[in-house]
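Hello,

I am passing on the structure we talked about, and my notes follow below it. Have a look at it first, then read on.

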Amino acid sequence: MKIKMILPALMEAKSPYWRPVKYSLFPPLGLATLAAYCAPDDEIDLQDEHVEELDTEDNPDLVIIQVYITNAFRAYAIADHYRNKGAYVCLGGLHVTALPEEALPHADSIFTGPGEDTFPQFLRDFRNKNPRRIYINTKRDLENIPPVRRDLINRRQYLVPNSIVVSRGCPHHCDFCYKDAFFQGGKTFYTQRVDQALAEIDRLPGKHLYFLDDHLLGHQQFAASLFEGMKGMNRLFQGASTVEAILRGNLIEKAAAAGLRSVFIGFETLSSKNLLQSNKKQNLGKDYEAAIRRLQELGIMINGSFVFGLDDDDKDVFSRTVDWAVGQGLTTSTFHILTPYPGTRLFDAMEKEGRILHRNWNQYDTRQVVYKTKGLTAAELEDGYHRAYRDFYSWSNIARASWQHASLPDKLKHFAYAGGWKKFEPLWNFMIKTRGLNRMLPLLESILSTDKRNRKGEQAPPFPAIA
Ligand code: SF4
């Protein structure tokens, strides 16, 4: 059977205002995971429109399309095209789960929630010529997932081909997050078995890994065993955590000893009223600065994430946030305009209050205002958002943030990482055009590995490292 798997480009990825490198970081792991359930003699063509021109002249038997909010209209157009050609088309993903009735007219079958049990069931039904229209996932279990079909991914086109996910969901319940909607009707946080996760890591070539888990430190026992197992594997990795998990126990030391060198943290806001509004209870009353100091002592760089436009925000929120982030020595920051995704509690609350301005999903890209604001106007919010990016990544602020670190190697590492990421756009674009983005990986690895401090709990390797 000929199977085509497609990740259509997000609307913003095609915009001249967005950075192409942001969309060439990670391969489509979700589709490659589903591909593992197909038969060995199925011919699978996996295409990621972020890194290649989509070929729609082919004639597959089955088409599987992953739908996010800002690629939804594009996904529907591709689905319609293939259905007109006689292919059987399936749609799944976050947006389909949020709005199944919107997706259904464009598909033969749709999938809501994660696909680990429904996709193999669908394949059996399809081969028996009896597929259902709707597959709803309720069984949440990663016990028997087969190894991801990484052979379908062209590693050279991604900066971080070794992305990996060892859990699903997260233990928290922020109102603006898709997570609860996606995992409705079952467990909203579960992990792989540690030995399976370690085996998947072992299959990945090279040194660098990027864990795309929503919260890598979310399950203490799992994370502790994972990090224990990773010691001695000589890996450098990046991942995401909450402030709370960094402050709790000594898990973060174990992560550092296993090779964690940079962490994404959702600080979101410096206002406790905003945290309450978002139901981000895990951040309430937490000492952000203590968490930052702990990470910096361990040599772990920080990518802070912030949301603008919550109801307690005023006109000064942008400068206040940037000033704080620079003063704390955050290496990189990601800013977002609050976006009420359909299916979330935030969307429902705003809809009840008549605050949703429109349903043009193409504009739900976290850089445009799609709801009626309260503390500041839409224009002030959009201007402030752009200003925050400009200010945070000005050379003077990159230098000032670098200078917050205690040691010279940490200052230089910060400067090289932040400057390299944000200030060399022509070089990134050249590497993407020449399809050699992956050649930049050794540079990323060497920046991440500059840190030679002996971390607490780290044991000397059994053999001397060979550079
Ligand atoms: S902590 Fe992050 S992943 Fe978890 S619910 Fe909140 S926003 Fe979503």
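Around the ligand stand Cys170, His172, His173, Cys174, Cys177, Lys179, Asp214, His215, Thr242 and Gly266; a residue belongs here if its C-beta atom, placed from the backbone, lies within 6 Å of the molecule. This shell is made up of 3 nonpolar, 5 polar and 2 charged residues. In that count Ala, Val, Leu, Ile, Met, Phe, Trp, Tyr, Cys and Pro are nonpolar, Asp, Glu, Lys and Arg are charged, and the others, Gly among them, are polar.

Please keep in mind that this is a predicted model: local features need pLDDT of at least 70 and side-chain atom pairs count only at pLDDT 80 or more, while totals for chains, interfaces and linings use all residues. Residues are numbered from 1 along each chain as its sequence is written.

Next, the domains. An automatic or database domain assignment gives domain 1 (2–136) and domain 2 (154–448). Their centres, taken over C-alpha atoms, are 26 Å apart. Across the boundary, 21 residues of domain 1 are in contact with 27 residues of domain 2 (contact: C-beta atoms, placed from the backbone, within 7 Å). On the side of domain 1 that touches domain 2, α2 (72–84) and α3 (94–98) are the elements giving two or more residues. Helices (H or I, at least four residues) and strands (E, at least two) are DSSP runs, numbered from the N terminus. The residues on that side comprise 15 nonpolar, 4 polar and 2 charged.

Now to strand β5 (residues 109–112), which is covered on both faces: Ser109 and Phe111 on one side, Ile110 and Thr112 on the other, are all buried (20 or more other C-beta atoms within 10 Å of a residue's own, with C-beta atoms placed from the backbone). β5 runs parallel to β4 (residues 88–92), joined by 3 bridges, and parallel to β6 (residues 134–136), also through 3 bridges. Two strands count as paired if DSSP finds at least two bridges between them. Phe111 is the bridge partner of Gly92 and stands opposite Tyr135 in β6.

Finally, there is an open sheet of 6 strands, in the order β7-β10-β11-β12-β13-β14, with parallel pairing. β7 (163–164) and β14 (332–337) are at the edges with a single partner strand each, so one side of each has no neighbour in the sheet. Further in, β10 (residues 208–211) and β11 (residues 236–241) pair in the parallel sense over 3 bridges, with Tyr210 opposite Gln238 in β11.

Best wishes

Technical notes. A residue is buried if 20 or more other C-beta atoms lie within 10 Å of its own, exposed if 12 or fewer, and partly exposed in between; C-beta atoms are placed from the backbone. Two residues are in contact if their C-beta atoms, placed from the backbone, lie within 7 Å.
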